[in-house]
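These are my notebook entries on one protein model. I went through pockets, salt bridges, backbone angles and surface in turn.

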Amino acid sequence: RQRALIGKDTRLSGYMLETALTAGLVSMGMDVFLVGPIPTPSVAHLTRSMNADVGIMLTASHNPFDDNGIKIFDREGFKLSDDLEHRIEEHVLEGDLVTDHIRSDRLGKAQRIDDARGRYIEFAKSTIDNQSLAGIKLVLDCANGAAYQIGPWIFKELGAEVIKAGVEPDGFNINEQCGAVYPARIGELVKQHGADLGIAFDGDADRVVFCDHRGREVDGDRVLAMCAPDLQSSGRLHGDTVVVTLMSNLGLDRALKEKGIQVVRTDVGDRYVIEEMRAGGYRLGGEQSGHIIFMDHATTGDGIIGALQVLKLMKNKDRSLAELASCLTEYPQRKANLPVKEKLPLEQLKGLQSAIRECEAALAGRGRVLVRYSGTEPKIRLLVEAENAVLADHWMGKLREAVGRELG
């Protein structure tokens with residue numbers, strides 16, 4: 001009998017979707033393990049450790065509470081390919097399910113796994129060999145999301161002093177002016193409490209961003225820049241390579257090149273980073289937005305494990321986060337997420353294409369421009385990166401004007 005494991009974040013709609021999905025799977029003869037509110041990477045880990053055939057996470061990640069979605073992991077804890085996801089969508093939306101063979105004696109069972117959180121807590125701590133974090137004072141913002149219980153427990157059990165934020169979910173306030181999407185909040189709390197650093201997760205805790213003791217943001221690029229040389233020095237950076245996306249700052253390439261580490265870039269999305277890591281056997285990758293994949297420990301981006309690796313580095317090097325993060329000098333970047341009425345094919349937008357070509361010619365290889373639609377929202381995302389802020393501001397303005405004219 002096949003088995004599915006289902007987790008969720010703290011959105012109100014999670015109750016409805018969990019119940020509906022459980023009924024559907026049980027009606028088709030599958031057994032279901034219910035683990036309740038738990039981070040996405042916990043579902044990936046528990047799918048493997050409990051020998052389930054599939055792991056399912058009900059979450060819309062960093063989106064507002066009224067969105068929700070489904071993330072699916074295979075039995076090894078990896079996200080499904082785009083092709084397989086599309087086939088499932090077609091089957092659900094258009095296919096006729098054959099159910100005649102499911103008689104009453106072949107129905108599945110559903111059971112709640114009460115110690116699921118405890119299992120993941122022990123696993124997460126083991127990724128740094130249960131190293132003591134005594135002497136570290138941190139602010140932890142769990143975005144009123146999936147890590148609201150697990151997160152504080154893990155860092156407290158390892159000895160850190162934890163000031164909690166975003167740990168009072170009500171079904172509606174997930175990601176609401178808190179968490180990784182609003183790092184300025186933990187920056188203010190860090191300064192207010194005199195903490196050593198701040199840690200912020202998104203709604204399903206597969207992303208993490210930091211603030212140093214001065215309240216300055218430390219994003220995924222800086223985390224990769226500080227962790228890659230440490231893995232390299234211990235022989236754990238296969239191929240002396242780090243995998244990132246097109247969004248990562250060009251300053252990261254420069255900083256790692258000086259250490260003899262090459263950078264491989266993929267399309268935007270942690271799934272593409274992971275696919276490249278698996279293909280090349282690479283052990284470290286991630287996104288500027290905070291998806292950090294330590295493949296020796298996890299099969300997906302894991303905010304908690306990422307935070308633990310950074311804290312371990314701080315302890316072992318006896319250096320502050322600000323000192324560690326100074327290893328990277330970034331190119332000025334300007335970003336914009338603009339709402340659009342319709343996602344018209346970008347190649348058909350002649351004015352926008354003209355502005356992109358002009359920008360690329362002006363930067364002449366000393367910067368870049370990236371334009372793409374959001375995968376989950378009716379928005380277009382713009383990125384301009386240049387050697388100086390004046391150029392970045394100028395060309396971002398030109399691109400915004402072009403988008404306004406053609407997409408509203």
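**Second largest pocket.** I began with the second largest pocket, which has a volume of about 230 Å³. Of its 15 lining residues, G251, R254, A255, C327 and T329 are the closest to the centre. I noted the rule for the search: on a 1 Å grid over the protein atoms alone, a pocket is an open set of points with protein on both sides within 12 Å along at least five of seven lines, a cavity is a set where a 1.4 Å probe fits but cannot get out, and lining residues have an atom within 4 Å of a point. Grid points are joined across faces, edges and corners, and a volume is the space filled by probe spheres set on the points. Helix 7 (220-233) and helix 8 (250-257) each supply at least two residues of this pocket's lining. Helix 8 gives the most, with four residues. Helices (H or I, at least four residues) and strands (E, at least two) are DSSP runs, numbered from the N terminus.

**Ground rules.** The model is predicted, and local features need pLDDT of at least 70, side-chain atom pairs count only at pLDDT 80 or more, while totals for chains, interfaces and linings use all residues. Residues are numbered from 1 along each chain as its sequence is written, and side-chain values use heavy atoms, with hydrogens and water left out.

**Largest cavity.** How many cavities of 30 Å³ or more are there? The count comes to one. About 40 Å³ of space lies in the largest cavity. Its lining is P41, A44, H45, R48, Y120, F123, H297, A298, T299, T300 and D302. I found that helix 2 and helix 4 (116-126) each supply at least two of the lining residues. Helix 2 has the largest share, four residues.

I stayed with helix 2 (residues 40-49), where T40 is placed. Is T40 buried or exposed? T40 counts as buried because its relative accessibility is 0%; buried means under 20% relative accessible area, exposed over 50%, and partly exposed in between (1.4 Å probe, protein chains only). Leaving aside neighbours within four places in sequence, T40 is in contact (heavy atoms within 4.5 Å) with M57, T59, K71, F73, D204 and D206.

Two of these contacts, K71 and D204, I looked up again as a pair. Their side chains meet in a salt bridge of 2.8 Å, N to O.

**Other salt bridges.** I counted 27 salt bridges in the structure, each a side-chain nitrogen of Lys or Arg within 4 Å of a carboxyl oxygen of Asp or Glu. D296 forms one with R283, the closest N and O atoms being 2.9 Å apart. D296 lies in the loop between strand 14 (292-294) and helix 10 (303-317) and R283 in the loop between helix 9 (270-280) and strand 13 (284-286), so the pair ties together parts 13 residues apart in sequence. D296 is partly exposed at 39% relative accessible area, and R283 is partly exposed at 24%.

E377 forms a salt bridge with K379, with the closest N and O atoms 3.7 Å apart. E377 counts as buried at 16% relative accessibility, whereas K379 counts as partly exposed at 26%. Salt bridges that share partners join K8, E18 and R112 into one network.

**R117.** I then turned to helix 4, where R117 lies. R117 counts as partly exposed, with 22% relative accessibility. Leaving aside neighbours within four places in sequence, R117 is in contact with P37, I38, Q149, I150 and W153. R117 and I150 are 33 residues apart in sequence and 6.7 Å apart in space, C-alpha to C-alpha.

**Positive phi.** Most residues other than glycine have a negative phi. N51 is not a glycine, yet has a positive phi of about 55 degrees. I placed N51 in the loop between helix 2 and strand 3 (54-58), and at 58% relative accessible area N51 is exposed. A143, also not a glycine, has a positive phi of about 60 degrees. A143 is in the loop between strand 6 (137-141) and helix 5 (150-157) and counts as buried at 0% relative accessibility.

**Surface.** Last, which residues form a nonpolar patch on the surface? They are L12, Y15, F65 and F172, with about 400 Å² of accessible area together. Patches are made of residues with over 30% relative accessible area and no salt bridge, like charges being joined within 9 Å and nonpolar side chains (Val, Leu, Ile, Met, Phe, Trp, Tyr) within 5 Å. Areas come from the Shrake-Rupley method with a 1.4 Å probe, and for residues only the protein chains shown count as cover. Y15 sits in helix 1 (residues 13-27) and counts as exposed at 54% relative accessibility.
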